[in-house]
Amino acid sequence: MSARPKPALQDGLPLIRVLVAEDDRMDRQMIWRRLRSVDRQIAITFTGTLDETRRQLAETRFRGLILDNSLPDGNGVDFARELARKGARTTPPIVILSGWP
């Protein structure tokens, strides 16, 4: 049995890594402010396309994914389905955002 990787630490506390796939600058700022107001131990990585998001998910383990439904290179719901079909055990919980009223 392999050992679990130790969590990254910031100021001696576990760091929570969240990936945010959002191409709108104003929405990125709002998400950043909200997440940081909840917990300063959150490390937020932003991507603006699904291609960038795929690369980040392949390189880094995240505890959550906030996914815009409409990105320049695809649909967030379709991307979430793609991740589910792959059955990746490392896929984090996903929250999908939409600008529709």
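**Close-up views of a predicted model**

**View 1. The chain has three helices and eight strands.** The model is predicted. Along the sequence, the elements follow the order β-β-β-α-β-α-β-β-β-α-β. Of the 101 residues, 33% count as buried. Among contacts between residues at least 6 apart in sequence, 64% join residues at least 24 apart.

**View 2. Helices α2 and α3 come within 12 Å of each other, axis to axis.** Helix α2 covers residues 50-59, and helix α3 covers residues 76-86. Their axes cross at roughly 30 degrees. Angles under 35 degrees count as roughly parallel, and α2 and α3 are therefore roughly parallel to each other. The crossing of α2 past α3 is right-handed.

**View 3. Side by side, residues of α2 and α3 make the contact.** From α2 come Leu50, Thr53, Arg54 and Leu57. From α3 come Phe79, Glu82 and Leu83. By class, the residues of this contact divide into four nonpolar, one polar and two charged.

**View 4. Helix α3 has buried residues along one face.** These are Gly76, Phe79, Ala80, Glu82 and Leu83. Seen down the axis of α3, they fall within an arc of 155 degrees, so they line one face of the helix. An α-helix has 3.6 residues a turn, so residues three or four places apart point the same way. On the other side of α3, Ala84 and Arg85 are exposed.

Definitions and conventions:
Residues numbered from 1 in each chain as written. Predicted model: local features only at pLDDT ≥ 70, side-chain atom pairs only at ≥ 80, totals over all residues. Heavy atoms only, no water. Axes fitted to C-alpha atoms, helices over the stretch in contact; angles between N-to-C directions. Helix = DSSP H or I, 4+ residues; strand = E, 2+ residues; numbered from the N terminus. Parallel < 35°, antiparallel > 145°, perpendicular 65-115°, else oblique. Left-handed = near helix turned anticlockwise from the far one by under 90°. Contact = heavy atoms within 4.5 Å. Nonpolar A, V, L, I, M, F, W, Y, C, P; charged D, E, K, R; others polar. Buried < 20%, exposed > 50% of the residue type's maximum accessible area, 1.4 Å probe, protein only. Arc of directions from axis to C-beta.
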